[in-house]
Amino acid sequence: MTPISYFEIFRALSSEAMLVVTALAALTLDLASLRRAEPITRRRTIGTVAVIGLLASVIPLWQQLGHPRTVFLGGTLAVDDLILVFKVVIVALTLLTVLISMDYDVGRHVGEYFAVMLFGAIGMMLLISAEELLMIFVALELTSISLYILTAFHKGELRSQEAAVKYFMFGAISSAFLLFGLSYIFGVTGTTSLYGIREVVKSSGMGMSPLLATGMLFALVGFGFKVAVVPFHLWAPDAYEGAPTPVTAYIATGSKVASFFVLLKVLFIGFAGLEGLAFWGHFSSGWTMLLAIMAALSMVLGNCAAIVQRNVKRMLAYSSIAHAGYIFIGLIAASRMGATSVLFYIIVYSLTNLGAFGVVAALSSRTGGDDLKDFDGMAKRAPFLSSLMLIFVLSLAGIPPLGGFFGKFYLFASAIQRDSQNFGLLWLVVLGILMSAVSLYYYLVLLKHIYVVDSKNQSRIITPTYLNVALGLVALAVVLLGVYPKPILELLNSLVAAL
Amino acid sequence: MQVDWTIYLTFLGAGLILLLPRDSKNLIRWIALLTGVAALLVGLKNYFDYNAWVNAELAAHNGKLTDGFQQLVNVSWIPALNVNYHLAVDGISYPLIILNGFVCVTGILFSWNIENRVKEFFAFFLTLIAGVYGVFMSMDLFLLFVFYELAIIPKYFVIAIWGSTRKEYGAMKLVLYSFVGSALVFIGILAVFFSAGGQTFDILELVKHPLAPDVQIWVFPLIFVGFAVLAGMWPFHTWAPTGHVAAPTAASMLLAGVVMKLGSYGCFRAAMLLFPQGLEHWKWWIAILAVIGIVYGAAVALVQKDFKFIIGYSSVSHMGFVLLGLATLNVMGMSGAILQMFSHGIIASLLFAVVGRMVYDRTHTRQLDELGGLAKVIPFACVTFVIGGAASMGMPGFSGFIAEYQILAGAFQMHPLLALAAGLSIPLTVAYILNANNKVFMERDEPAGEHGHSHSDESSEHPPLPPITLPERVAAIILMALLVIVGLYPSIMLNMIKANVELFLRGGR
């Protein structure tokens, strides 16, 4: 084993290190000099510190871009362009979440709030570079524990406490499942490195042995919880509804991006050769078959349950369950095009969802509620944010020319392309498309409350300019990703080729 | 300016309106109108140029076209899927493009009295119009789908915000029907793309390499039915009457006038062009459903109590003629179908304008029993309705006659029974139009049979209503003039349609 060069590690992880420093600085600053200040001043000051730290952490990422792939700590962590791009995505999502939080009442523990959020971001960034089972587990735990804490930040509210406990209980059990599954995989293959597992599976010709199948099943249960697919979704609606809205945004975007990214790697690298088949009438055991079942259930249940929701955050929670189902379709395709489509979609989806939750946070903190009826007549009270919400919601519904449409089209196209002779995956695509039609209903109901229904309260809602600009830029990105997806698509496609 | 500027101009107009302050209502109206007129003029100029070109081509090549398309732009858009931004027009699209232009301009004129949220109304309205222009020019399936969906969403808001009678229900029903239809189209498009080797979405490229017959037979109905939902094909028509009734005047005009044509245009351009064998296999089904729609629509219109529902069901009936004409697969029937799309677009716009704007906005009721005697109060509305109604019945001298006569003749060639059954609708149409005319515009000053006693002298005089405004008159005269011009001089439109239909039937595209 080669000696560990700490300097190398520090250089490769310098952006994470910067975030650690920023988090500690935020804590100290709050403790030392801001305890007596107004909450809004504290949020703005510490938020600014966090923003500066996040912006600074992009610089080392930027400098590493374009270098050949490096692996360190014996293959535990890796740095290549694809990983860097997604680290930048995580930083951007965290930055936006911080901006949304600066305008949202998170209680008295402002310093802790931003520090824990940054710790979560570090977990996500490590998760994205991890290529070894134990590191994946540790990073996933760092992310999850930060999010459990953040969920409980509405200290006075019962539903926030309930959500946090529920999230934590489910999360802890699923982590146990995940670890159990990973231990089986290690037991069978004798290695924890993803590439190592692939080699062992390929060279030994063991195929789908019962032990490996058990390990895979348990690991998928663990991941299924993290990305909230049916039947491991039960925590999501409560956690989304109960958590402070910026935290909901973070759970729905940052942690989803990181989890999907690592799931993609585990499946496409570690479990390569164990795909099995999910073609209609030709099922055979493997992860695509398991994913196909979860995808179908998620799309149906997520969309149907969203219809009856009266709370916007809960509705978006069910919608995100459905979207996890759509993303699984790209994974099931198990092809290069499938990988590209998944990566493209999680970028679009996370931006769209973050924007939507951002608008909900900004408006609900001023109207005092996040039920559908609280959004009545919003088009007159806050015309700008309402028009942004229109873009975000229509993108979630998959209406062209927005990013959500193209992303969904590409996901479905990749599934058809997998077996373009016999259309083996057409059944999933048909289900996905029909369920999108169902989903349009509840998205339109939300827009109806904003645009059509009148409210008695006609007072204008004024939101801070920085927030309007930030959300406006997100909306612009969502539109551009749909109108001109070419550059980012080509980038992802070339990077995926190296996977 | 090439004809694709109609799309860009309309989008620009919508964008410009979004930037204006919401209180400058008149400025917004004028900008919307100028945008509509500019786009219409661009469309008309290119229409006549194309017409002259077709006539020259026909004269030069023994009355046959070799290539009916005028290419506008073709650039790569999303290389990962080989999607191109490809716009082209031919003699089928041109009549529909200028139809869209006329409906846009007259729709804006008929919406001049909207006071509530003017800015948003015209922004949505122009976005919808721009999407429709885009559909009529797209030669790439993906692009066509994008424009098609772009036209769906504004409809929801226009109806749900500014509509009447169960507006939210009608709007939601319409949008969900369209979306389910487009979901079918979406599946069909993916199937075409990958069956053809995943190389191109370009319609004109795909035509050159027809798919295997067994694929055609299952994909054709997906795409055809998907589009036909929006064309009001029986039994998927039920969104149409409720949607039309709920919509504000300009939106009903657009819906019946243009949006239903999106459906039938999609049927022709995407389904019929790409799947000759699929079409051959399914054409009898289409023809039979079309005939059922024709007769059913007319019969149901006859028993309606609501003035707007009558026109709504009559649209279902007239769109049935379009589908019947398309299914005949002969020059006569198909040219009639294309002309009927234009003709019905104008007639439906005119009739909806009378019902929604001239009558309902003044009397605030559309129940036939509550209306009456309007001929004396607003004679202009009465004259407009009579002219529109006559065109709708297929009276010679109006465009409706030319179109429906050809469709029936074409259907007769396919099977005499089809023409006979479809012809049944003509007396029904006469009946419901005359019935409506009688109840709404006449009848008041005759002593009514059952409650004759309650009607004393003062009821014979209808209370005065606001007079018909100038924008209404201008718009109505434009539409009526079109009916007569195309009715008396059909060759300005029929020549290019016939030449292109012939080309299609020869397999030239």
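Author: Begin with one pair of residues facing each other across two strands. In this predicted model, B:Gln70 stands opposite B:Val89, a residue of β2(B).

Reader: In which sense do β1(B) and β2(B) pair, and over how many bridges?

Author: They are antiparallel: β1(B), residues 70-78, pairs with β2(B), residues 83-89, over seven bridges.

Reader: Is β2(B) mostly covered or mostly exposed?

Author: To judge burial, count neighbours: a residue is buried if 20 or more other C-beta atoms lie within 10 Å of its own. By that count, six of the seven residues of β2(B) are buried. Over chain B as a whole, 61% of the 509 residues count as buried.

Reader: What else does chain B contain, and how compact is it?

Author: Chain B has two strands and 22 helices. Its radius of gyration is 22 Å, close to the 23 Å from the globule rule for 509 residues, so chain B is as compact as a globular protein of that length.

Reader: How many residues of chain A and chain B are in contact with each other?

Author: On chain A there are 26, in contact with 25 on chain B. Helix α19(A) gives the most to the chain A side, with eleven residues. By class, that side has 20 nonpolar, four polar and two charged residues.

Definitions and conventions:
Residues numbered from 1 in each chain as written. Chains lettered and ligands numbered in written order. Predicted model: local features only at pLDDT ≥ 70, side-chain atom pairs only at ≥ 80, totals over all residues. Contact = placed C-beta atoms within 7 Å. Helix = DSSP H or I, 4+ residues; strand = E, 2+ residues; numbered from the N terminus. Nonpolar A, V, L, I, M, F, W, Y, C, P; charged D, E, K, R; others polar. Rg over C-alpha atoms; globule rule 2.2 N^0.38 Å. Buried ≥ 20, exposed ≤ 12 C-beta atoms within 10 Å, placed from the backbone. Pairing = 2+ DSSP bridges.
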